[in-house]
Amino acid sequence: MDNRRKYLTRWLVILAVLALIAAACGGDDDEATETTAGATETTDAAPADETFVLGVSNTLVGNAWREQMICAIKAEARARGNVTEVVLQNRNTDVAGQIADIQTLISQGVDAIIINPADRSALDDVIAEADAQGIPVISVDAPVTAPQAYFVSNNQVEYGEVGARWLFEALGGEGKVAYMRGLDGHPADTDRDTGWDAALADYPGIEVVYENWTGWDPSQGAQQALEILTSMDVDGIWTSGIDYSVVEQFEVAGVDYVPIVGADNNAFIEQLMTIEGLNGAGVSNPPSIGGVGAAVALNILEGQDVPKETLLTPVVLDTMDELEGVFVPDLTAGWSSYMVIEPFVSYASPQDVIDCKGPGE
Amino acid sequence: MTASIQETLVSDSQAPWRRWARRHGWTFGVWILLLVLIAYYATLIPRFGAFQVASIVNNGTPLVFLAVGQAIIVIAGGIDLGVGGMLVLSSVTAARLMEGQPLLVALLIAVGILLAAAAINAVVAWIINVSKVPDIVITLGSLYFFQGLALAILPNPAGGANEWFRWLFTGSKTGIGSNPWPAIVMITITVTAIGWWLGKTKRGLSLYAVGSDKTAAYLSGLNAARVKILSYAIGGAFAALAGLANTAIAGRGNANTVGGNLTLNSVAAIVLGGVALTGGIGSVIAVIPAGLILFFLSPILTAMGVDPNSAQVVQGVLIVLVMAVTGIIEWRRRLRS
């Protein structure tokens, strides 16, 4: 009896605590602002001085492309001069985690949110919530279905298609190819696949003998490439941007180079320029698109008229002139060469992205 | 028998306040820590209201359920690395089956998934019993097995969930909103029920008995193998419940979710919640705030301007600290007696 009563008391205490939390925050947001008046003052003052806080949600960490994307966002925020802070929600997570992260950014009072979406449609509701709270959301790199979102990207369908066409042409329209995709379920991967299929339909002589996802992870890509090169006959390889570590595997496996398509990764560009007997093409997919996303976000906040969609057309780099034109010596491994995306960004030099410093850092 | 186990759990010496502190001090402390962190967070961000609370409670729910499941298994002397995989498996199964279904069907599917998860995890425990291979090895296998099965069920992120089913876990038909209550009620009901069962029923107490001393429990007539199966079944069901919450939040299933990370978070949460990894000691009530705190680390660090990736570092340090503190407390206790 005594124990039961104690148990009941414990529960009553816990319920009371929960009720207190809920009561403290109140059913109404306005009530809560009162208690944190000091903090509210600064946000109220912000629009008057025309300074902004940018939020960023990224769900793939330890990936050079995403790192450079974030550095470009920071560089643009710094170059514009009216951003006080870039708040990063940057961790490895899934859709549910990104929904939580975007809510966190909303909670922390950012003025605009730049996301690289982990899913095309599952973020729609949280984007609608941000929009309802007056926070524009800019989806960079891949589209979302939310009608409120702005979209800034390299044209991924075309990325898949032009690279595939280059490869099929290089093979004379006939042969076995390996199709090394990106991250399963990621909208950009799906779009590239659409482009790939469109090109493939025009080349009946091409046979896809291998299809797998690298997760855009260079080491996983290398492992798969080694498996392909040592266990099957391929005439060409298309990679979803995991390129230089794949090229390295030819030497490891001791086989002759076959035509290969990659992205504008600096290391891959260097390989194309320097390795004897390697025929390949880099299709531009600059991560500095993040800088364009930040520019679009700030244009919106400054009240400019901004189109809902900003698409960059990919460029195929395969001649020596083109390759030398974009190559940056001594760049971090895995970074892309093409950084100053005109006419969108305000920073003037690749060094601003390489420095990777946001406002106040 | 019940009384004797109670006595070993409670050891009734010294002043009543001391006894209370020993029994509930840790639980109380973790709840206070959660409140302090929330208060601190409120000062870091420009406005703190229902939206912020709902965001923490709703998104923290899966980890709370997962950690409660882990706690039950660990209290009974086991450890299940497969819970994260079970979460992913149940989440994608729910998303796959529930898409376009009315609420009633969705609820039936949910119940079916919970029962299936309990049955599957019971089989895992049975394998541990029969093979005599350590839990950690068998459940590492089940982690990969569940994750692989999830990929087979849903190769690409897809599926959906009934909007009222989403409301049940998130207080909103879209999964986003300012209503933390359904999640709070859901956690309170399930964890109270299991907490009551663990602490007040003969069978529940047998988990503590087997977890603290298998031989003694055996000698007093308990079937340790059966208790292990029971603990794994309940733990599996809670992991599946966490998966359902995940589907309700995301509105779809994603087999690419890394189950291993979720498992590690669940272990971190129970350690913070004062559950002894050696078995036999702990309260599921303390696991609620511990789970919320672990989820909460990332928003707090972001608000402090620290890279949320370092949340993992903080989490690691936290586990070591908690283990050290509990070790010292235990050591002093032994020294005194």
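Predicted model: local features only at pLDDT ≥ 70, side-chain atom pairs only at ≥ 80, totals over all residues.
Start with chain A. An automatic or database assignment divides chain A into domain 1 (42–154 + 287–312 + 335–355) and domain 2 (156–283). Their centres, taken over C-alpha atoms, are 29 Å apart. The two domains touch. Domain 1 of chain A gives 14 residues to the contact, and domain 2 of chain A gives 13. On the domain 1 side, 6 of the residues are nonpolar, 5 are polar and 3 are charged.

Now the core. The largest nonpolar core holds 209 residues. Leu54(A), Ile114(A), Val68(B), Ile72(B) and Val287(B) have the most contacts inside it. Domain 1 and domain 2 of chain A both contribute residues, so this core lies between them. Take Val68(B) as an example. Beyond its neighbours within four places in sequence, Val68(B) contacts Val191(B), Ile194(B), Phe238(B), Val284(B) and Val287(B).

Turn next to helix α12 of chain B, residues 259–272. α12(B) has 14 residues and reaches 20 Å from first C-alpha to last, close to the 20 Å expected at 1.5 Å a residue. Is this helix mostly covered or mostly uncovered? Mostly covered: 11 of its 14 residues are buried. Among them are Gly259(B), Leu262(B) and Thr263(B), as well as Leu272(B) at the other end of the list. The cover over the buried residues includes α2 (16–44), α3 (50–75), α4 (83–98), α6 (135–153), α13 (284–303) and α14 (311–336) of chain B. After α12(B) comes Gly274(B), with a positive phi near 85 degrees.

Methods. Residues numbered from 1 in each chain as written. Chains lettered and ligands numbered in written order. Helix = DSSP H or I, 4+ residues; strand = E, 2+ residues; numbered from the N terminus. Expected span 1.5 Å × (residues − 1). Buried ≥ 20, exposed ≤ 12 C-beta atoms within 10 Å, placed from the backbone. Contact = placed C-beta atoms within 7 Å. Core = buried A, V, L, I, M, F, W, Y, C linked by C-beta atoms within 7 Å. Nonpolar A, V, L, I, M, F, W, Y, C, P; charged D, E, K, R; others polar.
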